[in-house]
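Here are a few notes to read alongside the model. Please keep the viewer open as you go through the points.

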Amino acid sequence: MSDERLDVPELQRRLREFAAARDWGRYHTPKNLVAALSVEASELLEIFQWLTPEQAAAVMDDPARAHRVEDEVADVLAYLLQFCSVLGVDPLEALAAKIERNELRFPAGRTPPLDGS
């Protein structure tokens, strides 16, 4: 891969071309894509399922596990980008809008302590 930073539209274009070259587009309905996204997110979760917090924090120190994490992250992102493409959602705009709403909904400095006191 080159040193150039890829952008979301370029990645979505490449995913569309990949699917089109294999005649997979007909399967890329919103329902199917969101189902596949859920499966891939579950596969990412599976890597961490029985790890302690300390083991989870160090998961990228093990090259084999790091490779699995990166592959599953790529699968999750690929399905999310394809889902957004099919529905015409700009994922970066959606995220920016959600962050703005959350900044209003959850003002800084008002987080309750974890111990409930």
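Helices here are DSSP runs of H or I with at least four residues, and strands are E runs of at least two, numbered from the N terminus.

1. First, the ground rules. The model is predicted, so local features need pLDDT of at least 70 and side-chain atom pairs count only at pLDDT 80 or more, while totals for chains, interfaces and linings use all residues. Residues are numbered from 1 along each chain as its sequence is written, and side-chain values use heavy atoms, with hydrogens and water left out.

2. Have a look at α4 (63-87). This helix has 25 residues and spans 36 Å between its first and last C-alpha, close to the expected 36 Å (1.5 Å times one less than the number of residues). After α4 comes Gly88, with a positive phi near 75°.

3. Which residues of α4 are buried? They are Ala66, Val69, Glu72, Val76, Ala78, Leu81, Gln82 and Cys84; buried means under 20% relative accessible area, exposed over 50% and partly exposed in between, with a 1.4 Å probe and protein chains only. These buried residues pack against α1, α2 and α5 (91-105), where contact means heavy atoms within 4.5 Å.

4. Val76 sits in α4 and is buried, at 19% relative accessible area. Leaving aside residues up to four places away in sequence, Val76 touches Leu37, Glu40 and Ala41. Val76 and Glu40 are 36 residues apart in sequence, yet their C-alpha atoms are 5.5 Å apart in space.

5. Asp23 lies in the loop between α1 and α2 and is partly exposed, at 46% relative accessibility.

6. Now the second largest pocket, with about 210 Å³ of space. On a 1 Å grid over the protein atoms alone, a pocket is an open set of points where a 1.4 Å probe fits, with protein on both sides within 12 Å along at least five of seven lines; lining residues have an atom within 4 Å of a point. The volume is the space filled by probe spheres set on the points, which are joined across faces, edges and corners.

7. Of the 13 lining residues of this pocket, Trp24, His28, Ala78, Tyr79 and Gln82 lie nearest its centre. Two or more residues each come from α1 (8-21), α2 (30-48) and α4, with α4 giving the largest share, 4 residues. The lining divides into 9 nonpolar, 3 polar and 1 charged; Ala, Val, Leu, Ile, Met, Phe, Trp, Tyr, Cys and Pro count as nonpolar, Asp, Glu, Lys and Arg as charged, and the others, Gly among them, as polar.
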